[in-house]
Amino acid sequence: MSKLYTFLKYFFITFWTVFVVAPFLWAVSTSFKDFQSVNSKVTYIPWLDFEPTLEGWRVLVKSPAKGGVDIVEPYFNSIFVTCTASLISIVLGTLAAYALSRFTFKAGFVRNNDITFFFISQRIMPPIVLSIPFFIFLSTIGLLDSLLGLVVVYIVLLMPIAVWIMVDFFNRVPKELDETALIDGCNPYQAFYKVVLPNSIPGLIVAGMFCIIFGWIDFFFAFILTFTEVQLLPVKVVALNSSITPWWSLSASALVSVAPLIIVAFIVERYLSKGNLSGALK
Amino acid sequence: MEEQMAKIDLSNISHTYNPLDPKPTYALNPFSMTWENGKRYAILGPSGCGKTTMLNIVSGLVRPSKGEILFDETPVTDLKTEDRNIAQVFQFPVIYNTMTVYDNLAFPLRCREFTKEKIEERVKAVSDTLNLSSFLNSPARKLTADQKQLISLGRGLVREDVAAVLMDEPLTVIDPDLKFRLRRNLKEINEQYKTTLVYVTHDQNEAMTFAENIIVMDQGEIVQVGLPKDLFEKPKTTFVGYFIGSPAMNIFHSTVSSDHEVKINDTTIKTNSNLGNLKDKNVKLGIRSEFIELAEKEKSNTVKIKLTRVEDFGNFKLLTGKMGDLVIKSKVEREKPIPDGELNLYFPPEKCCVYSDEKLV
């Protein structure tokens, strides 16, 4: 019985690993191929099966004038927009979440839960519903096709995530912790940033991770709200495609696109495994 | 350091959690009370009787719906918690997870900008008292539940200048052995530093052994304030009689038959209370099982009971008997021979309490 269990366990782990890792291996090997190697027979091993070339990677940094596609600028644009929007969303979202968790709001029939739901409902709507309002809004304030405009839109998209995660997290941080801090002589602001916030780092990290992921992978708004001045990475990567699919440069750009997320995942994983997620009480 | 300990006056305080309701339910009914500087108080009562609300009002976490709080005659009702100089320890340990034990203990002093030397001295003193010295540099979250509660307690005791240390069933999570020692420690701290200690509990033994003054509460009402002895011998209401003492006070339905006599079934019992002014002749007679004596033969103030059970508790025997359908419990010395079947119990008149409308006459 236990042998069967062990076998099944390892079988599924192996299966899953292959399932997850294979596309990466495929992308890595393809990124070093040229037109010939991709379109002839199936090949696996560099130097033996095919002659590796850096052409797929070079295209990414060459300027369009020299026949390249230059994803460097969109890359940094994406980093800037994602990080700025995530940071602002986390700061505002955390403050909102703390208020929603600790104070009771009443406005007509609206209660705390309704306000929290209002935030989350921004994410329930299909994005396309928001596209026209956003387009008109940004063009009215003259931020269409600009980094700042994208940051504004991304804050709208990311803050609900931060609020949602942090409300839940703060609800699990016992109220007595704030009260103890007050009794110990903090004013409410000190209680928040000296006591509650340090205890909420795991929540902040999770919220930050989700904001970064959702900001980084967004294609829809990056596509609709930008034209020529500013481009974000996902749009640029899609634009790589042409009548002859350049599998090599597509693979290379896919790899550099997921790299930041992999790094984020490694950092977050270290924090999450520290066991910091348990509350302050007990 | 400046002595800041204070007399605490609660004047006409009442509190409701739903003030906007046309018929608000009161967690605390109006009351007034004074906590003298440097004394030990225990607030005793069943769960949900308003004990915690009372503490939170004193510490400022809850603003009373009505009434005023004064520290040394100065009103503090509108003062915020952080400005009140009160320490409060909750039922379950609350620690600052991200800090070391030392930083936890030093936190209240740092918030109030004490000097580094003073902080070091106080933290050392408190950690010695609470046996935490060897953990000072460990992260607080690594400690066991009872050590964490010691930290909570330590944060309350680290400030010498507090007006009062309020403790809300602080020893619930601590094991019995340590509990006993800590209670003694708290007493010593109180005697040494003259810190007013207020201790909320639902455990009467804890209250009796800890406090000089016990405040018994029930359903948002303060039923009796007094010394352990008063609560035991002269409970002001039948509730106190039931709640204090183990077993609970014997309480029988009875009728007034003369100025100093009541009748239980057909037996007349003399009491020292004056019953002449009572309108309602239906009263209750209460007597502690400790005060009921075994009588050799029938005489005045004895009742005849049928023995139904004898329990040996080691240091005493608990007799349970029936008189008609009334159950009577009596504690007798262990050595006393217990006759089988029927026996006579003597009710000393001075120990009989008569309750009219649940209140002591």
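Predicted model: local features only at pLDDT ≥ 70, side-chain atom pairs only at ≥ 80, totals over all residues.
Colleague: Let's start with helix 6 of chain A. How do you know that its length agrees with its number of residues?

Modeller: Helix 6 runs over residues 127–140 of chain A, which is 14 residues. At 1.5 Å a residue these should span 20 Å, and the end C-alpha atoms are 20 Å apart, so the two agree.

Colleague: And what makes you say that helix 6 of chain A bends, and where?

Modeller: The bend is at Pro133(A) and comes to about 25°. That's the angle between axes fitted to the seven residues ending there and the seven starting there. Just after the helix, Gly142(A) has a positive phi of about 70°.

Colleague: On to helix 3 of chain B. What makes Ile119(B) count as buried?

Modeller: A residue is called buried if 20 or more other C-beta atoms lie within 10 Å of its own. Ile119(B) is listed as buried, along with Arg122(B), Val123(B), Val126(B) and Ser127(B).

Colleague: How do you know which side of helix 3 of chain B those residues are on?

Modeller: They cover an arc of only 125° around the axis, which puts them on the same side of the helix. In general, an α-helix has 3.6 residues a turn, so residues three or four places apart point the same way. The cover over the buried residues includes helix 2 (101–111) and helix 4 (145–157) of chain B.

Colleague: What does the face turned away from the buried side carry?

Modeller: Glu117(B) and Asp128(B) sit there, and both are exposed. The cut-off for that word is 12 or fewer C-beta atoms, so these two fall under it.

Colleague: How does the reach of helix 3 of chain B compare with what's expected?

Modeller: Residues 116–129 make 14 residues, and from first C-alpha to last they reach 20 Å, close to the 20 Å expected at 1.5 Å a residue. Just after this helix, Asn131(B) takes a positive phi of about 60°.

Colleague: Now the domains. What makes domain 1 and domain 2 of chain A count as touching?

Modeller: Contact needs C-beta atoms within 7 Å, and 11 residues of domain 1 (chain A) are in contact with 7 residues of domain 2. On the domain 1 side, helix 1 (2–31) and helix 3 (55–61) each supply at least two residues. By class, that side has 5 nonpolar, 3 polar and 3 charged residues.

Colleague: How far apart are the domain centres in chain B?

Modeller: They are 39 Å apart, taken over C-alpha atoms.

Key:
Residues numbered from 1 in each chain as written. Chains lettered and ligands numbered in written order. Helix = DSSP H or I, 4+ residues; strand = E, 2+ residues; numbered from the N terminus. Expected span 1.5 Å × (residues − 1). Contact = placed C-beta atoms within 7 Å. Nonpolar A, V, L, I, M, F, W, Y, C, P; charged D, E, K, R; others polar. Domains from an automatic or database assignment. Arc of directions from axis to C-beta.
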